[in-house]
Amino acid sequence: MERTATGLYSFLASYRYRVLIPAFELARRRLESTVITVGREPGTVERVREPLKGVDVAVFSKLFDATPIQPELMRITREEGARMIVDICDDFDHKYYAEQYRASVRAADAVSTSSAFLAGRIAEMTGRRATIIQDPCEFPRRDARWSPRAPLEALWFGSSTNISGLDKAVPALARSGIPMRLVVVTRQDDSVTRWERDARPVLPPTIALEIREWSLPATEQALNECDIVVLAINRESRYYY
């Protein structure tokens, strides 16, 4: 997360959907809401004690790097008298965090998640029932449409950590033989630069690649312009679980 002129912000959608937007909506309904960001730096555990004083409910979500210290964070929260909700929007059996996820669910007063699939996984792994709270939508709802152009406009958007999934999708798009422009909307960091460097020389002449810097307005514009959205995964990626 980062602090901007308009408040806390994250380029990662799940941080916005599960933390920032809910906190904003609670505040809009005149409920006091505070976002506490934590990491592994020394003194983190005790640093959060003061903001927890007087809190009625604490929601633990998207800790990742701080997951190893979550038991201590939950202990302090319990000592301060707050009830605890653990919110899980990633696969519960995450290969890097599975044991900490199980422990946090056991310690929680309640569990929430973003989909029926994940609720089933949580029940399977722990026996706990999770309340399903779906992700919010950041853009206006629109009717689905199909009016393809020539060339076809294909869109992939998402975190740069997942861009290797396009290594699986691009060959399938090429095999279709359909002329298209592939628009990639993502944060243009070193991993994207490397991917583009390797991808461009092997792209067939039927696919024109365009990479755009990620932002909410850029994503909304690309969704409005595209004919199809490409959903791709890389099962070998450390981020696939």
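Predicted model: local features only at pLDDT ≥ 70, side-chain atom pairs only at ≥ 80, totals over all residues.
View 1. Of the 241 residues in the protein chain, 38% are buried. The protein chain carries 34 positive and 33 negative charges, whose mean positions lie 2 Å apart.

**View 2. Secondary structure and contacts of the protein chain.** Nine helices and ten strands are found in the protein chain. When contacts between residues at least 6 apart in sequence are considered, 70% of them join residues at least 24 apart.

**View 3. An open sheet of four strands.** The strand order is S9-S8-S7-S10, with parallel pairing. Strand S9 (207-213) and strand S10 (228-229) are the edge strands, and each pairs on one side only. Helix H8 (residues 190-199) packs on this sheet, where it touches S8 and S9. The direction of helix H8 makes about 170° with that of S9. Helix H9 (residues 216-225) also packs on the sheet and touches S7, S8, S9 and S10. For helix H9, the angle between its direction and that of S7 is about 150°.

**View 4. The pairing of strands S7 and S8.** Strand S7 (residues 152-157) and strand S8 (residues 180-186) run parallel and are joined by six bridges. Opposite glutamate 153 stands arginine 181, a residue in S8.

Technical notes:
Residues numbered from 1 in each chain as written. Heavy atoms only, no water. Pairing = 2+ DSSP bridges. Helix = DSSP H or I, 4+ residues; strand = E, 2+ residues; numbered from the N terminus. Contact = heavy atoms within 4.5 Å. Axes fitted to C-alpha atoms, helices over the stretch in contact; angles between N-to-C directions. Buried < 20%, exposed > 50% of the residue type's maximum accessible area, 1.4 Å probe, protein only. Lys, Arg positive; Asp, Glu negative; His and termini not counted. Charge placed at Lys NZ, Arg CZ, Asp CG, Glu CD.
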